[in-house]
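Okay, thanks for coming, everyone. Let me put the model up and walk you through the inside of it.

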Amino acid sequence: MPRPSDLSIRSKFFGLMSLLLIALLLATGIFTYQRQKEFILRFAVDNARSLATQLIETREYMSSVVKDEPERNYGLVPQVVATQVARRVTQNSKFYVRQVSLRYRNPENRPDAYETTQLTKFITQPAAETYGIVESGDSSVFRYLLPMRATASCLECHGSYQSAPDFVRKRFPPGHYSYNYKVGEVIGAVSVTVPVKDLYAQLGADFKLDMMARGAVFLIVTIVMGFIMSRLIIEPVRLLSGAITNVTRTGFFDEKLPQKSHDEIGMLIGAFNDMMDELSRRTVQSREADERYRRFIEVAASAVITFLKDGKIVIANEKAEALFGRNRQMLLGESVYDFLEEGAALRERIEQPGEFTEETTRQQVVSAGGKLVPVEMVVSASKADREPLFTAILRERRGA
């Protein structure tokens, strides 16, 4: 499996863009989800508050205007009217509304544990309302309670036993907790309940739709940016890389790339073309210089060889062929140190630290057949593009 650093620029770009957009999509998704959750909670609180407020206002209105009508029609009792109104208002919604009190008269309307706790807090710690998400078994429910307080009209039926109407006294005996209400005291609360899954059902649908839309937008952005980056940056860089590789492999500097812009990429391609022109010019000059050098050494009266630092012979003239007793093809590529009796000492001097300039020494050339030919050798160094070159001029010593 290739390392990430070995992947192509196109793969790296699309990979990084994909990771960035996925991270951005997740971040915006989490942010959107949290905002929609807050919106749903506010929606639930606002609707629960509205229902509870309407119920309490209905109850208080009926309590203030109804006089002796409940004696003939029990359905006009303020609490009963409020209960029926709540049932009708919420019959097509997910909200379940009821009136609860610690002074319950119907065992079936007994407050549950959460309602009991909140009613107790309303009595000891007066609050405008309370709400929250409560775990109920394996599910969660939204709970809301708005306290109901006794008004002056409430005391007409729930004040003292003696002042209560006959139909109330017939239902509740003296000492019952339906009596002795005080103005302003908490007598119960409107309780609103709705399952959280019903609240989030719409949230889930909207969230999925929103995420799909965002994902589509991010995908389009990735494709468009990928096309632009590929056309304007990646493709020119790929062509430039291929051209450089081809030049390195072939050694020809006549390849040019079309310069279609004057931005950074265009300037880079322009610089590449200028470099190819300069390298081509220098190559021609170098070849001409090499040719002049070869012609010069061919007419020289002495043997001349050019070798690298490791001793590898790269140029030899006709006199060198005669001196070493080998033709040019046999000499090229061989180490000059192997043909000198004191070649090891010369190698050591050339390879030692510091810049080698020039020296004149006496050597014994090992010619073909092992014959030793005494020579006077002048070695000089010259700088080349990659590594230094050494030129040796060898003259036979007569009478040695």
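So, the lining of the largest cavity: α1 (9–65) gives the largest share, four residues. Helices here are DSSP runs of H or I with at least four residues, strands are E runs of at least two, and both are numbered from the N terminus. By cavity I mean a set of points, on a 1 Å grid over the protein atoms alone, where a 1.4 Å probe fits but cannot get out; lining residues have an atom within 4 Å of a point.

Quick caveat: this is a predicted model, where local features need pLDDT of at least 70 and side-chain atom pairs 80 or more, while totals for chains, interfaces and linings use all residues. Residues are numbered from 1 along each chain as its sequence is written, and side-chain values use heavy atoms, with hydrogens and water left out.

Back to the cavity. About 60 Å³ of space lies in it, the volume being the space filled by probe spheres set on the points, which are joined across faces, edges and corners. Its lining includes Ile56, Arg59, Met148 and Cys154, and β3 also supplies at least two of the lining residues.

Now, which residues touch the most other members of the largest nonpolar core? Those are Ile305, Phe307, Leu323, Phe324, Val365 and Leu394, out of 24 residues. A nonpolar core is a set of buried Ala, Val, Leu, Ile, Met, Phe, Trp, Tyr and Cys residues joined through side-chain atoms within 4.5 Å. Buried is under 20% relative accessible area, exposed is over 50%, and partly exposed is in between, with a 1.4 Å probe and protein chains only. β8 (372–382) gives the most to this core, four residues. Apart from it lies another core, of 23 residues, Phe142 among them.

Last bit, the aromatics. Rings of Phe, Tyr and Trp (its six-membered ring) pair if their centres lie within 6.5 Å; planes under 30 degrees apart are stacked, over 60 edge-to-face, the rest tilted. That rule gives five aromatic pairs. Tyr131 and Phe142 have ring centres 6.5 Å apart and planes at 40°, so they're tilted. This pair joins strand β2 to strand β3, 11 residues apart. Tyr131 is partly exposed at 42%, whereas Phe142 is buried at 0%.

Phe307 and Phe390 are stacked, at 5.7 Å and 20°, and they link β5 with β9 across 83 residues. Phe307, at 1%, is buried, and so is Phe390, at 3%.

Technical notes. 1 Å grid on protein atoms, 1.4 Å probe; cavity = no way out; pocket = protein on both sides within 12 Å on 5 of 7 lines; lining within 4 Å.
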